[in-house]
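Work through these exercises with the model open beside you. Try each task before you read its solution.

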Amino acid sequence: RSFLGWRKGHPSLLRGDIRFFDMPEPVLAFVRRLGREAILCAFNLGGDAVEVALPVADAEAMDDHGLTGTIADGHIHLPGHGAVFARIADDGVIG
């Protein structure tokens, strides 16, 4: 319930356009964008921790969603079944 409440506070996560990134299994990553708000969402669908290259520039990790995962040194670090959310600049999408 806490996560769903957090999600409701971000219109791009509810109604935004979506763009998926090509990531190695078991990672699912995409950007949701609505107006000037763009949020990177990355999920580890597996049980083992993973590290993948950050597919966007200038990502700022978001807090208070209750899920684990970090961004550091140009990489996303996800524990098993973890997730990370990050704000990105309008021009931050690579490729």
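**Exercise 1. Which residue in the hairpin of β6 and β7 takes a positive phi?**

Solution. This is a predicted model: local features need pLDDT of at least 70, side-chain atom pairs count only at pLDDT 80 or more, and totals for chains, interfaces and linings use all residues. Residues are numbered from 1 along each chain as its sequence is written, and side-chain values use heavy atoms, leaving out hydrogens and water.

Step 1: find the strands, which are DSSP runs of E with at least two residues, numbered from the N terminus. Strand β6 covers residues 70–72. Strand β7 covers residues 75–78.
Step 2: look between them. The hairpin has two residues there, and Asp-73 takes a positive phi near 55 degrees.

**Exercise 2. Find the strands that pair with β7.**

Solution. Two strands pair if DSSP finds at least two bridges between them.
Step 1: take β6. Three bridges join β6 to β7, and the two run antiparallel. Ala-72 has His-75 as its bridge partner in β7.
Step 2: take β4 (residues 50–53). Four bridges join β4 to β7, again antiparallel. Here Val-52 stands opposite Ile-76.

**Exercise 3. Sort the side chains of β7 by face.**

Solution. Buried means under 20% relative accessible area, exposed means over 50%, and partly exposed lies in between (1.4 Å probe, protein chains only).
Step 1: Ile-76 and Leu-78 point to one face and are buried.

**Exercise 4. Which residues touch the most other members of the largest nonpolar core?**

Solution. A nonpolar core is a set of buried Ala, Val, Leu, Ile, Met, Phe, Trp, Tyr and Cys residues joined through side-chain atoms within 4.5 Å.
Step 1: the largest core has 16 residues, and Phe-21, Val-31, Leu-40, Val-56 and Ile-76 touch the most other members.
Step 2: β2 (27–34), β3, β7 and β8 (83–87) each give two or more residues to this core.
Step 3: a second, separate core has eight residues, including Trp-6, Leu-13, Phe-30 and Cys-41.

**Exercise 5. Is Glu-37 buried or exposed?**

Solution. Step 1: Glu-37 is found in strand β3 (residues 37–44).
Step 1: Glu-37 has a relative accessible area of 18%, so Glu-37 is buried.
Step 2: check its contacts (heavy atoms within 4.5 Å). Not counting residues up to four places away in sequence, Glu-37 touches His-10, Pro-11, Ser-12, Arg-32 and Arg-87.
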